[in-house]
Amino acid sequence: MNHVVLRGRHRLVSARRGISTAKNNRTETGDARLWAHQNERLARYVLSKTPPVILDNPTTAHKDSQPEARTRSLDEYLRWRRWPLAGTPPFDTENQIMASKLLSHPLTYPLTLGHYFPALVFDDPSNTKETIRICCIGARAEASLPHEYWREMLIMASLSHSCRHWHIDFVGPDVPQNLPPQTIHLSFDTSAAAHNEKDQDGDDSSTRSSLTMRFFRAPTFHELVESPNNTLHMNDWDGFVLFNPGLGHANLEDGWKDTLDLLFFHANKPLLLTAHSVLDAQRDTATLLQ
């Protein structure tokens, strides 16, 4: 995705190229997929070698290469996380570039969310909430992303905010059916003693943050929340995210109208949107401003 649109309670802001992009337009996306097809062994190595979480504190570890809280570079984040783009198997410069582009596919969702969303929720300095609830509307690939990649959202968010617990509800027709709730824990304490301690719920007492995900398969968001048997309410969430929704696309615009009416006139909560390209973002922005 090439463009991020942030809608706070009283403002609409456009931000070109978030951290999860490496000039990731459609042409370069195709290039990365072609490279993965031609280099299957290297592609599997890159996608399977998520670096372990061995940081005592993500805001102080690796000070020599720590990214700024508002960094806009995926490459900088990968270096800071010491993602294995070099070494064994051997990677030359071209392969490292293509590997980075390939990683932007699974990382684009958690890093964009972890980078931008805290700023929307915590735009009020008096907000000291320790639990943030997000609804991801129209979810597709992000609803089946491996836990190793969603853990990166917790790491990214911790760079600039101290919120401990995150909840994401995935809603859409492409969400896998009958998935139970799932929780990811992130601990920054690597001492053996801390990892041997358990709290009353059986969780590692050194866990500093967590992400709980729930999955709701539904034709549209507004149909879900307006269903007579629905137990979800607009006020349950602190904000909403739409990844590449195509709000302004001629074939999709009408289908989003009722959902957007709910979000704009009833929710009054922050809204984060992304788009594949500048053109898509311009069309979506025009739709939002109507």
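Colleague: Are Trp 83 and Tyr 149 buried or exposed?
Modeller: This is a predicted model, and burial here means under 20% relative accessible area. By that cut-off, Trp 83 and Tyr 149 are both buried.

Colleague: At what angle between the planes do Phe 221 and Trp 237 form an aromatic pair?
Modeller: The ring centres of Phe 221 and Trp 237 are 5.7 Å apart. Planes under 30 degrees apart would count as stacked and over 60 as edge-to-face. The pair is tilted, with an angle between the planes of 55 degrees.

Colleague: How many residues apart in sequence are the parts that this pair ties together?
Modeller: Phe 221 belongs to helix α7 (residues 221-225). Trp 237 sits in the loop between α7 and β7 (239-242), so the two ends of the pair come from parts separated in sequence by 16 residues.

Colleague: Why does Trp 237 count as buried?
Modeller: The limit for buried is under 20% relative accessible area. Trp 237 counts as buried because its relative accessibility is 1%.

Colleague: What span does helix α8 reach from its first C-alpha to its last?
Modeller: Helix α8 (residues 253-267) has 15 residues. At 1.5 Å a residue, 21 Å is expected. The span in the model is close to that, at 20 Å.

Colleague: On which residue is the kink in α8 centred?
Modeller: The kink in α8 is about 35 degrees.

Notes
Residues numbered from 1 in each chain as written. Predicted model: local features only at pLDDT ≥ 70, side-chain atom pairs only at ≥ 80, totals over all residues. Heavy atoms only, no water. Buried < 20%, exposed > 50% of the residue type's maximum accessible area, 1.4 Å probe, protein only. Phe/Tyr/Trp six-rings, centres within 6.5 Å; stacked < 30°, edge-to-face > 60°. Helix = DSSP H or I, 4+ residues; strand = E, 2+ residues; numbered from the N terminus. Expected span 1.5 Å × (residues − 1). Bend = angle between axes of the 7 residues up to and from the residue.
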